[in-house]
Amino acid sequence: MAERLPQASRQRGGKAMTAAAGSAGRAAVPLLLCALLVPGGAYVLDDSDGLGREFDGIGAVSGGGATSRLLVNYPEPYRSQILDYLFKPNFGASLHILKVEIGGDGQTTDGTEPSHMHYALDENYFRGYEWWLMKEAKKRNPNIILMGLPWSFPGWLGKGFNWPYVNLQLTAYYVMTWIVGAKHYHDLDIDYIGIWNERSFDINYIKVLRRMLNYQGLHRVKIIASDNLWEPISASMLLDTELLNVIDVIGAHYPGTRTVRDARLTKKKLWSSEDFSTLNNDVGAGCLGRILNQNYINGYMTATIAWNLVASYYEQLPYGRCGLMTAQEPWSGHYAVEPPIWVTAHTTQFTQPGWYYLKTVGHLEKGGSYVALTDGLGNLTIIVETMSHKHSRCIRPFLPYFNVSHQFATFLLKGSFSEIPELQVWYTRLGKPSKRFLFKQLDSLWLLDSGGAFTLELQEDELFTLTTLTTGGKGSCPPPPESQPFPQVYEDDFDVDYPFFSEAPNFADQTGVFEYFTNIEDPGEHRFTLRQVLNQRPITWAADAYNTISVIGDYKWSNLTVRCDVYIETPEKGGVFIAGRVNKGGILIRSARGVFFWIFANGTYKVTGDLAGWIIYALGHVDVTANRWYTLTLIIKGRFSSGTLNGKSVWKNIPVSFPKNGWAAIGTHSFEFAQFDNFHVEATT
């Protein structure tokens with residue numbers, strides 16, 4: 001079947017000229033000079049009656065949680081290539097906004113992110129990787145907008161309660177220090193700050209936070225609330241003038257392209273401050289392409305922020321591969337530039353925050369939508385999408401059925417745009433690989449003698465950008481290495497004197513926080529260790545376990561030997577474990593099954609089939625106490641498992657029929673200090 005192309009009219013010597021799209025392999029078809037001859041609607045793009053709302057940008061979330069965990073461990077040049085695809089202007093996704101989690105030590109979807117204040121008198125602005133990520137984004141795009149939002153909070157803020165609003169001043173101080181620390185230690189200016197992700201807001205806290213920011217001279221930092229639903233925040237603002245004045249943006253999550261009357265009545269900027277979270281295949285790309293247009297058309301939302309930035313976490317954790325691209329193999333260097341990157345580029349590369357939507361935007365007669373934006377200086381960008389229902393369903397919310405069918409759409413440029421001579425054309429078609437194009441530049445459209453009219457022939461699941469800007473580009477790098485499974489033999493002695501990141505490579509904390517640690521008083525073998533550093537339960541966002549745990553390795557591992565030196569710091573009540581075949585993580589961590597080998601400071605051991613300790617395979621006494629190093633070994637082969645302490649058998653050949661496979665792990669009995677060293681695993685699937 002012959003391919004199609006966009007059509008525009010240009011008269012020269014009384015003949016209609018066609019704009020060939022050979023670069024995409026599309027055959028030219030005759031151009032239609034008169035809109036009256038076109039079956040289908042004509043859509044006027046006009047600024048004569050003024051402009052619509054100001055465009056605030058397209059962005060993505062790192063965090064909520066630990067979604068960028070594996071990215072930092074990538075070797076160069078692959079790590080920089082991934083960052084280029086995300087942030088470099090006119091190269092890939094070219095994001096306008098980066099929103100990061102303010103780490104609060106709790107489980108926030110796919111892991112925990114460390115707080116800059118684990119304890120009341122503790123401040124450290126080099127933990128985790130969000131500081132690094134923001135700097136890398138700024139390095140590529142100095143104009144990128146930075147946002148911070150807490151999911152969980154360190155436990156000391158709750159004073160015994162699982163609630164961040166016990167002391168409003170204290171919580172506001174905690175958030176303020178993160179903003180000040182970003183500037184002082186990393187020269188990062190935070191532009192927007194949120195309240196509490198998808199949880200309750202406190203009206204008085206929002207006011208206290210604004211006063212605290214102003215007192216610190218942070219007037220330029222804007223407040224976005226409440227990163228949940230449109231209500232009750234919108235109604236609360238209408239009933240409280242002070243609250244209305246201190247909130248700059250109303251941010252809603254997964255709004256389904258719709259807003260509510262109260263939100264519009266506030267006259268505030270409306271953002272979809274978290275959206276997408278869909279598998280990054282063609283359907284996920286279709287979801288994103290549809291909402292990037294229709295969030296504004298249907299809901300007046302002037303920014304859309306995708307969760308998540310990059311799928312850099314073990315794929316079997318919740319919402320695997322729900323990032324704009326995939327980078328989950330730092331051990332191999334392999335990554336994948338997924339279709340959502342190029343769908344995003346259709347908007348981001350040809351607009352900037354501060355542009356304005358035209359008032360003349362809307363839906364196409366036979367399905368799909370179009371938006372148009374201008375910088376007010378003569379530039380125009382038009383984005384047309386025809387995503388079908390089947391191929392654009394986001395993970396949430398439910399999408400009512402609609403139909404998209406073949407159509408011709410004629411666009412008429414009027415007002416200040418009527419004299420535009422030429423439009424660049426970028427094209428995406430999602431679907432079968434043999435018929436798929438991703439962000440392909442076609443030949444430009446000439447409009448000199450067409451009266452500002454052009455016609456597109458549109459099929460399902462297509463995306464067109466037509467723009468006066470000539471700066472767009474489809475960046476490319478040499479192919480990354482081939483995908484490889486996690487190494488079957490892996491060891492880490494944690495001997496890093498000045499670690500660049502606080503967490504050891506490839507360990508993914510699921511409850512608790514495990515950090516590089518230096519034993520100043522131990523000049524020997526255990527001078528450098530990995531330490532679990534939380535001594536109280538955080539103010540949780542999800543169902544954190546009551547034990548701390550960090551997982552590592554290949555989820556397909558079945559037969560494995562895990563060996564690790566362990567050090568209990570809490571007398572009598574303390575305990576640690578090593579584990580294999582751990583089958584759950586993220587927000588499901590509390591119900592994780594596996595084979596867990598525990599020792600306790602009171603001189604006992606236990607073997608359990610779950611993290612919570614309900615399924616007991618064996619228990620007994622061993623010569624163990626606090627503040628001494630021990631070597632634990634766990635051997636799982638087929639249906640049986642065995643364990644040794646300092647090389648001596650403690651238990652052997654215990655039947656373990658479930659689960660069949662999973663990660664290796666280390667952890668502690670409770671939120672307690674403990675250390676780990678000389679981690680070693682040998683595995684077969």
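In the predicted model, I549 sits across from G667 of strand β38. The strands in question are β29 (residues 548–552) and β38 (residues 663–668), which run antiparallel and share 5 bridges; strands here are DSSP runs of E, at least two residues long, and helices are runs of H or I, at least four residues long, both numbered from the N terminus. Two strands pair if DSSP finds at least two bridges between them. Zooming out, β29 and β38 belong to an open sheet of 7 strands, ordered β26-β29-β38-β31-β32-β33-β34 with antiparallel pairing.

Over residues 509–683 the chain is 55% strand and 0% helix, with 21 Å between the end C-alpha atoms.

As for helices, α8 (residues 282–299) packs against α9 (residues 339–348) at about 20°, the axes being 8 Å apart. That angle makes the two roughly parallel (under 35 degrees), with axes fitted to C-alpha atoms over the stretch in contact and angles running from 0 to 180 degrees between N-to-C directions. The contact (heavy atoms within 4.5 Å) involves D282, A285, L288, G289 and L292 of α8 and P339, P340, V343, T344 and T347 of α9.

Residues are numbered from 1 along each chain as its sequence is written, and side-chain values use heavy atoms, leaving out hydrogens and water. Local features need pLDDT of at least 70 and side-chain atom pairs count only at pLDDT 80 or more, while totals for chains, interfaces and linings use all residues.

Note on methods: Angles under 35 degrees count as roughly parallel, over 145 as roughly antiparallel, 65 to 115 as roughly perpendicular and the rest as oblique.
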